[in-house]
Amino acid sequence: MTKVDTLAIHEGWKPKKGEPREVPIYQSTTFKYDTSEEMGRLFDLEDSGYFYTRLQNPTNDAVAAKIAAMEGGVAAMLTSSGQAANFFAVFNICETGDHLISSSAIYGGTYNLFGVTMKKMGIECTFVDPEISEEELQKEIRPNTKCIFGETITNPTVSIFDIEKFAKVAHQNGIPLVVDNTFATPVNCRPIEWGCDIVTHSTTKYMDGHGVSVGGAIVDSGNFDWLAHKDKFPGLTTPDESYHGIVYAEKFGQLAYITKATSQLMRDLGPIQSPQNAFYLSLGLESLAVRMRKHCENALTIAKFLSNHPKVAWVKYADLENDKYHELAKKYCPNGTCGVLSFGLKGDRETAETFMDSLQLVSIVTHVADAKTCLLHPASHTHRQMSDEQLKEAGVDADLIRLSVGIEDANDIIDDLEQAFEKI
Ligand SMILES: *Cc1c(COP(=O)(O)O)cnc(C)c1O
């Protein structure tokens with residue numbers, strides 16, 4: 001099988017004779033046809049073709065196809081952000097009155113999306129401890145449960161999600177497993193190979209890799225048989241009146257899920273990625289494999305440095321041999337997890353602040369997972385809406401500092417951390 005490094009370079013855009021080698025930016029909102037009938041057939045989903053960038057754009061499609069290939073899926077779509085990707089991934093199969101189960105150890109934004117905003121839409125979410133047993137997880141399944149959700153490597157607690165365990169329970173109950181693979185990227189883990197049905201990404205992070213474009217992606221494995229669970233997924237298995245009664249699962253087979261998300265959700269809600277951003281994303285993808293190796297190498301070096309430091313209370317990084325998640329990391333990410341780790345300082349909140357404010361090379365930013373080393377204190381930044389109890393449930397200690405190790409020379413990062421340690 002072609003390796004992910006090669007797919008990242010060659011998939012998606014396949015130029016013919018005389019065409020541009022790099023994917024062009026189709027910065028056009030609309031596309032021309034010769035007859036009114038040709039155009040009409042596109043609107044009926046009778047023919048495929050471009051007509052309006054909100055629905056499809058050649059640059060975006062090429063980049064989505066590259067990501068689909070890298071994840072080992074059959075189809076993918078780009079969205080304006082990771083938030084939009086996770087929302088669409090779930091909303092494409094959950095309606096008012098439905099229920100989903102999510103690991104509680106997930107990105108703060110997704111936690112709010114499921115726990116607050118989707119609740120207002122009448123979709124209920126049960127958050128479960130990722131360590132839950134299969135038996136306990138089974139008990140949380142309800143007749144209206146439509147999917148299970150988790151993150152391969154959690155942001156910010158960097159724990160490893162046991163994909164096979166959750167996939168097994170999901171499939172026993174005729175529902176898909178959705179996995180946010182942002183931190184691992186398909187270079188370090190391909191969730192579909194472990195039974196996950198739908199993969200999501202905040203492409204804003206490692207995939208773009210340079211902090212220049214917010215974006216998201218959804219990849220479908222094509223493995224979930226919607227028609228075998230007809231009653232659970234009426235959106236895919238009964239006629240869509242807004243397209244003259246098309247039944248997605250019958251007409252599009254393995255492409256049903258992404259076709260519905262594009263032609264229905266994107267048509268109606270509209271959070272597209274701009275073709276310009278898709279182009280930046282494509283450039284990022286080409287070097288993703290090389291960068292991920294360097295991120296992992298650097299992060300392991302820094303994690304060892306921190307572990308041995310007298311001013312550090314604890315370090316979490318699954319590639320460390322004594323880490324709680326090391327066994328799961330070896331299984332799901334044998335070549336390394338990612339560049340993100342978390343640690344706590346000995347001392348109080350003020351110690352943490354002095355430390356962070358003393359850094360020079362390492363910057364304080366909300367962002368994570370790109371070329372430049374940066375850090376963040378989730379309890380006072382990304383997760384500040386959460387109560388202490390919710391923080392605890394999400395596994396975020398109040399003293400947790402999230403360090404996103406970049407691809408600089410590791411010695412320079414260590415020098416900067418050391419001079420900041422000297423200030424506390
Ligand atoms: C950042 C992030 C998101 C949200 O993505 P945006 O592109 O910021 O909307 C979702 N999931 C994970 C794991 C993330 O790190």
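Tutor: Let us start with a term: a cavity is a set of grid points where a 1.4 Å probe fits but cannot get out, whereas a pocket is an open set. Please keep in mind throughout that this is a predicted model.

Student: How many cavities of 30 Å³ or more does a search of the whole structure find, and which residues line the largest cavity?

Tutor: The general idea is that rolling a probe the size of a water molecule over the atoms shows where empty space is left. Here the search of the whole structure finds one cavity of 30 Å³ or more, and the space in the largest cavity is about 30 Å³. Its lining is made by Ser103, Ala105, Pro130, Glu151, Thr154, Ser159, Ile160 and Phe161, which by class are four nonpolar, three polar and one charged.

Student: What is the volume of the largest pocket, and which residues lie nearest its centre?

Tutor: The volume of the largest pocket is about 680 Å³, and among its 32 lining residues Gln56, Asp61, Ile258, Thr259 and Thr262 lie nearest the centre. Helix H3, strand S1 (75–79) and helix H11 (256–269) each give at least two residues to this lining, with H11 providing the largest share, five residues. By class, the pocket lining comprises 18 nonpolar, ten polar and four charged residues.

Student: Turning to the sheets, what is the strand order in the open sheet of seven strands?

Tutor: In general, strands of a sheet pair through backbone hydrogen bonds, either parallel or antiparallel. In this open sheet of seven strands the order is S1-S7-S6-S5-S4-S2-S3, and the pairing is mixed. S1 and strand S3 (124–128) are the edge strands, each with a single partner strand, so one side of each has no neighbour in the sheet. On average, neighbouring strands of this sheet are turned by 20° against each other, direction ignored. As a case of pairing, strand S2 (residues 99–103) and strand S4 (residues 145–151) run parallel and are joined by four bridges, and serine 102 stands opposite phenylalanine 149 in S4. Helix H7 (residues 163–172) packs on the sheet, where it touches S3, S4 and S5, and its direction makes about 155° with that of S5.

Student: And in the open sheet of five strands, which strands stand at the edges?

Tutor: That open sheet has the order S8-S9-S12-S11-S10, again with mixed pairing. Strand S8 (312–316) and strand S10 (363–364) are at its edges, and each has a single partner strand, so one side of each is left without a neighbour in the sheet. Between S8 and strand S9 (residues 340–345) the pairing is antiparallel, over four bridges, and valine 315 has phenylalanine 343 in S9 as its bridge partner.

Student: Which handedness does the crossing of H4 and H11 have?

Tutor: H4 passes H11 in a right-handed crossing, in which the axes come within 10 Å and cross at roughly 115°. On the H4 side the contact includes Phe87 and Phe88, and on the H11 side it includes Tyr257 and Leu265. The residues of this contact of H4 with H11 are ten nonpolar, no polar and no charged.

Methods. Residues numbered from 1 in each chain as written. Predicted model: local features only at pLDDT ≥ 70, side-chain atom pairs only at ≥ 80, totals over all residues. Heavy atoms only, no water. 1 Å grid on protein atoms, 1.4 Å probe; cavity = no way out; pocket = protein on both sides within 12 Å on 5 of 7 lines; lining within 4 Å. Points joined across faces, edges and corners; volume = space filled by probe spheres on them. Nonpolar A, V, L, I, M, F, W, Y, C, P; charged D, E, K, R; others polar. Pairing = 2+ DSSP bridges. Axes fitted to C-alpha atoms, helices over the stretch in contact; angles between N-to-C directions. Left-handed = near helix turned anticlockwise from the far one by under 90°. Contact = heavy atoms within 4.5 Å.
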